[in-house]
Amino acid sequence: MKKLNFETSGLIPVVVQEEKSCEVLMLGYTNRQALQLTLKTGYVYFWSRKRKKIWLKGESSGNKLRVKNIFTDCDRDTLLIKADLIGSAACHRGYKSCFMEKIY
């Protein structure tokens, strides 16, 4: 994999999109270790900024994200992961997508 720009924080944002529907499911952050776990296992891992630890999406809910493709943007400081949603909700509040609240 070509070099990614993790900036000074050591984190980069990750947009997760459902592969089949193209619906944006969530936004999270990854560090090098979480990304390595994602690449190794084929399931999405994130870095929790709140809990200060790596977590497997769905480790408690069972709603996991199976990686289909990973893309980087032109600046190599953001990732887009196209994934299959295993379960019914990507959002911790039980919604399929974290982006369910329209404000405009």
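Buried here means under 20% relative accessible area, exposed over 50%, and partly exposed in between, with a 1.4 Å probe and protein chains only. This is a predicted model, where local features need pLDDT of at least 70, side-chain atom pairs count only at pLDDT 80 or more, and totals for chains, interfaces and linings use all residues. Residues are numbered from 1 along each chain as its sequence is written, and side-chain values use heavy atoms, leaving out hydrogens and water.

**View 1. Cysteines without partners.** There are zero disulfides (pairs of cysteine sulfur atoms within 2.5 Å) in the structure. C22 is in none, and its nearest cysteine sulfur, that of C98, sits 17 Å away. C22 counts as partly exposed because its relative accessibility is 42%. For C74, the closest cysteine sulfur is the one in C22, and at 20 Å that's too far for a bond. C74 itself is exposed, at 75% relative accessible area.

**View 2. Around F46.** Leaving aside residues up to four places away in sequence, F46 touches (heavy atoms within 4.5 Å) a set including V14, V16, M26, Y29, I54 and W55.
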